[in-house]
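Please look over the structure shown below. The report that follows covers salt bridges, pockets and confidence.

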Amino acid sequence: MHVETLRTFCDLIETGSLSRAAKLNRVTQSAVSQQLRALEERYGKRLVDRAPRIGAKPTELGKRFYEELKPLLDALDAVEERVRERPDVISGNVRIATVYSVGLHTLPRVMKRSLAKYPELELRLEYRRTDQVYDACVRGEIDLGIVALPSKRPQLEVVSLGSDELVFVASPDHPLTKRRGLSLADLDGQPFIAFERDIPTRRFVDRLLRRAGASVRYAMELDNIETIKRTVEAGIGVSLLPAPALGAEVRARTLSARKLKESPIERAIGVMYRKNRELPRQARAFLELLTTELSPR
């Protein structure tokens, strides 16, 4: 029995997808199917149900096999890491997932510093929705997940990375951009461009508006900050967005950003990793850099 076959099986269970398991292990989908078939023939039991609509779903036996196997593979990874590591060099891959509003505008300077400090470190950054970041972290698909307004999960450790400030944003010719002492209550009745309802920043903004007695008209609900900014630039509505994400548009005068009377309205940022699992040495190094650069002083 090859360890690579067992790793592929775990990746298949975690992703629920032959193609994603193949990509993670740099093999073809056919190779994943062959490895799974070899496992099932070895034990004479069906471990995974496969169908077009459900993808790859473990049987009850397959689920128990995965739950027993995964900690063993994690322990093996940790041993291999300790054997291979060079005390004077931080190298290897760090798998990171984050949301657009943090990844595009908060992480770049930390990543640049990381590459300067650890030239042999490879950061593999991908963008996902908030719920997908949590799921990927719990399943062990990534080393670190970075989100806005992090919530507690029993399987995850969360470390604060400070916060960013939400500000009023509109097209430069919008009447509210000229109003002095702009407050949340002034947004009452305005067409509003919002994040989709399941995104934590949307729920946070909704609470702020309710407390201020501002009943906005939701003109559009979108899933990432870049599409929201383009929609606000077009004059379709106003929004509340994190200030660090608005620098380029404010400088180009395609958007106007204003602090509100209630400022600072702060949105917490956090990094998470799975509990009861030893982070690879390179992931620990990047986590330390993240907290040094971004955590509140």
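## Salt bridges and pockets

R128 is buried, at a relative accessible area of 14%. The cut-off for buried is under 20%, so R128 falls inside that class. This is a predicted model. Its average pLDDT is 91. A score of at least 70 is reached by 96% of the residues.

**R128 and its partner.** R128 pairs with E126 in a salt bridge. Their closest N and O atoms are 2.5 Å apart. E126 is partly exposed, with 31% relative accessibility. The pair also belongs to a network: salt bridges with shared partners join R20, E126, R128, R139 and E141.

**Other salt bridges.** The count for the protein comes to 27. Three of them are set out here.

| Salt bridge | Closest N and O atoms |
|---|---|
| R128 and E126 | 2.5 Å |
| R129 and D198 | 2.7 Å |
| D186 and R179 | 3.2 Å |

R129 forms a salt bridge with D198. This pair links distant parts of the chain, 69 residues apart. R129 sits in the loop between β4 and α7, and D198 in the loop between β7 and α8. R129 is partly exposed at 23% relative accessibility. D198 is partly exposed too, with a relative accessible area of 41%. In the pair of D186 and R179, R179 counts as partly exposed, at 40% relative accessibility.

**R274.** Is R274 buried or exposed? R274 is buried, because its relative accessibility is 13% and the limit is under 20%. R274 belongs to strand β11, residues 265-274. Its side chain makes a polar contact with the side chain of D74, at 2.7 Å. A polar atom of the R274 side chain also lies 3.0 Å from the backbone oxygen of V138.

**The largest pocket.** Where is empty space left? Rolling a probe the size of a water molecule over the atoms shows this. The largest pocket holds about 1,600 Å³ of space. It is lined by 48 residues. Closest to its centre are L24, D77, N93, R95 and R124. Six elements are named as giving two or more residues to this lining: α1 (3-15), α2 (18-24), α4 (60-84), β3 (92-98), β4 (121-127) and α11 (281-294). Which element gives the most to the lining of the largest pocket? It is α4, with 10 residues. By class, the lining of the largest pocket has 26 charged, 13 nonpolar and nine polar residues.

**The second largest pocket.** This pocket holds about 200 Å³ of space. Its lining is made of 16 residues. V99, Y100, T130, I199 and D223 are the closest to its centre. Helices α5 (100-103) and α8 (200-212) each supply at least two lining residues. The lining of the second largest pocket divides into eight nonpolar, four polar and four charged residues.

**Confidence by element.** Which strand has the lowest confidence in the protein, and which the highest? Confidence is lowest in strand β1 (residues 48-51), at a mean of 83. Confidence is highest in strand β7 (residues 191-195), at 98.

Definitions and conventions
Residues are numbered from 1 along each chain as its sequence is written. This is a predicted model: local features need pLDDT of at least 70, side-chain atom pairs count only at pLDDT 80 or more; totals for chains, interfaces and linings use all residues. Side-chain values use heavy atoms; hydrogens and water are left out. pLDDT is the predictor's confidence in each residue, from 0 to 100. Helices (H or I, at least four residues) and strands (E, at least two) are DSSP runs, numbered from the N terminus. On a 1 Å grid over the protein atoms alone, a cavity is a set of points where a 1.4 Å probe fits but cannot get out, and a pocket is an open set with protein on both sides within 12 Å along at least five of seven lines; lining residues have an atom within 4 Å of a point. Grid points are joined across faces, edges and corners, and a volume is the space filled by probe spheres set on the points. Ala, Val, Leu, Ile, Met, Phe, Trp, Tyr, Cys and Pro count as nonpolar, Asp, Glu, Lys and Arg as charged, and the others, Gly among them, as polar. A salt bridge is a side-chain nitrogen of Lys or Arg within 4 Å of a carboxyl oxygen of Asp or Glu. Buried means under 20% relative accessible area, exposed over 50%, partly exposed in between (1.4 Å probe, protein chains only). A polar contact is a pair of N or O atoms within 3.5 Å; within protein, one must be able to donate a hydrogen and the other to accept it, and residues adjacent in sequence count only if both atoms are side-chain atoms.
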